[in-house]
Amino acid sequence: MLARLLRRQEMALLVCLILVIAFFSVAAENFFSVRNISNVLGQASLPLIAGTGCAIVFISGEVDISIGALLATIALPLIVVMNDTQSLALGVSAALMFGLAIGVVNGWLTAYAGINSLIVTLGMMFVMRGGVYLYTGQRAISDDAALDSFIALSDGRLFGVIPYAAVIAIILLSLFAYMMRHRPFGRQVYAVGGNPEVARLAGYDVRRVKFLCMIISSLLATVAGIILAARVGSAQHTAGLNFEFQVVAATVLGGVSLAGGIGNLGGMALGVLILQFLSNGLRGLGLPTEWQLVITGMIIIAAVAFDEAKRRRATGG
């Protein structure tokens, strides 16, 4: 019975998460405290939000590695408009419009121009990073408006415990998990990612589905970028550096296949939490950042190897 339960990916990930928490609760001082767990949830909110979009793109059979650069870039229209207008609504609207434009470009080039999504989003990543460098001159643009509602995105906590950023992440994750499991569009994403030709013969508009998935990914990364800008209180060219690799690692660890058509957002969320608690625990033990990177890298390789083995077993290869 136990072996059968552990064969389910989500159950195995949940057991892994519990073991990580149990180990560091014993090994690291103050790890299992309300304050620390609350902090981990706050830190996990950004990869949870961006990972939701990244997972949907993976399931559709494409990739999006421009999300880290988008986190840095999105702070520019947000901060500049807020400084000029003293309005959070206008700043957020400008950021969302910018994120939508990036998603449309990524989606059109991938779905309709037929360019590989890895190349498209890699190119977009360099364009946005370079653009931020050019605009800021490598200096931070500070948030002079200092609006209370904007600062609350970083410091505010529901009931004084749960960070607002984590609340936003849970709401978005739940909405998109429902869409992927119960709505026609979710079934189309799985069909397109599993076998585009079969999906086309079934009457699905493959290019439209991929186009929309890329837009969803950019918009969710934009929301994560808005929260990040609230935390650092400025637009910085170094913001979100290597963030895309953290998200990809958590997504693959959560069982979302790079080959498309396999995985779910619940698994992705567990993958994010495992990596966040692991990183927090290693810091609590005083392990140098270099070793944290090595361990994270080994987990990524193991997760990708497991994904490849699973794909070969499924296809009989």
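Close-up 1. N30 is exposed, with a relative accessible area of 58%. Exposed means over 50%, buried means under 20%, and partly exposed is in between (1.4 Å probe, protein chains only). N30 lies in the loop between helix 2 (9-27) and helix 3. Helices (H or I, at least four residues) and strands (E, at least two) are DSSP runs, numbered from the N terminus. The phi of N30 is positive, about 65°, although N30 is not a glycine. Most residues other than glycine have a negative phi. This is a predicted model: local features need pLDDT of at least 70, side-chain atom pairs count only at pLDDT 80 or more, and totals for chains, interfaces and linings use all residues. Residues are numbered from 1 along each chain as its sequence is written, and side-chain values use heavy atoms, with hydrogens and water left out.

Close-up 2. A146 is not a glycine, yet has a positive phi of about 50°. Its place is the loop between strand 1 (141-142) and helix 8. A146 is partly exposed, with a relative accessible area of 41%. Q86 follows helix 5, and its phi is positive, near 60°. Within helix 5 (residues 75-85), A75, L76, P77, L78, I79 and M82 are buried.

**Close-up 3. V57, a buried residue of helix 3.** V57 is found in helix 3. It is buried, with a relative accessible area of 0%. Leaving aside neighbours within four places in sequence, V57 is in contact with E62, V63, D64, C213, M214 and S217. Contact means heavy atoms within 4.5 Å. V57 and I151 are 94 residues apart along the chain, and their C-alpha atoms are separated by 31 Å.

**Close-up 4. Helix 9 packed with helix 12.** Helix 9 (residues 164-182) and helix 12 (residues 206-232) pack at an angle of about 170°, with axes 11 Å apart. Axes are lines fitted to C-alpha atoms, for helices over the stretch in contact, and angles run from 0 to 180 degrees between N-to-C directions. The two helices are therefore roughly antiparallel, a term for angles over 145 degrees. Helix 9 makes the contact through A165, I168, L172 and F176, and helix 12 through I216, L220, V223, I227 and R231. By class, this contact has 8 nonpolar, no polar and 1 charged residues. Ala, Val, Leu, Ile, Met, Phe, Trp, Tyr, Cys and Pro count as nonpolar, Asp, Glu, Lys and Arg as charged, and the others, Gly among them, as polar.

**Close-up 5. Helix 9 crossing helix 14.** The axes of helix 9 and helix 14 come within 9 Å and cross at roughly 145°. L173, F176, A177 and M180 of helix 9 meet L265, M268 and A269 of helix 14 in this contact. The contact has 7 nonpolar, no polar and no charged residues.

**Close-up 6. The largest pocket.** Its volume is about 940 Å³. A pocket is an open set of points on a 1 Å grid over the protein atoms alone, where a 1.4 Å probe fits, with protein on both sides within 12 Å along at least five of seven lines; lining residues have an atom within 4 Å of a point. The volume is the space filled by probe spheres set on the points, which are joined across faces, edges and corners. Of the 35 lining residues, Q43, Q246, Q276, S279 and R283 are closest to the centre. Helix 14 gives the most to the lining, with 7 residues. By class, the lining has 16 nonpolar, 15 polar and 4 charged residues.

Technical notes: Angles under 35 degrees count as roughly parallel, over 145 as roughly antiparallel, 65 to 115 as roughly perpendicular and the rest as oblique.
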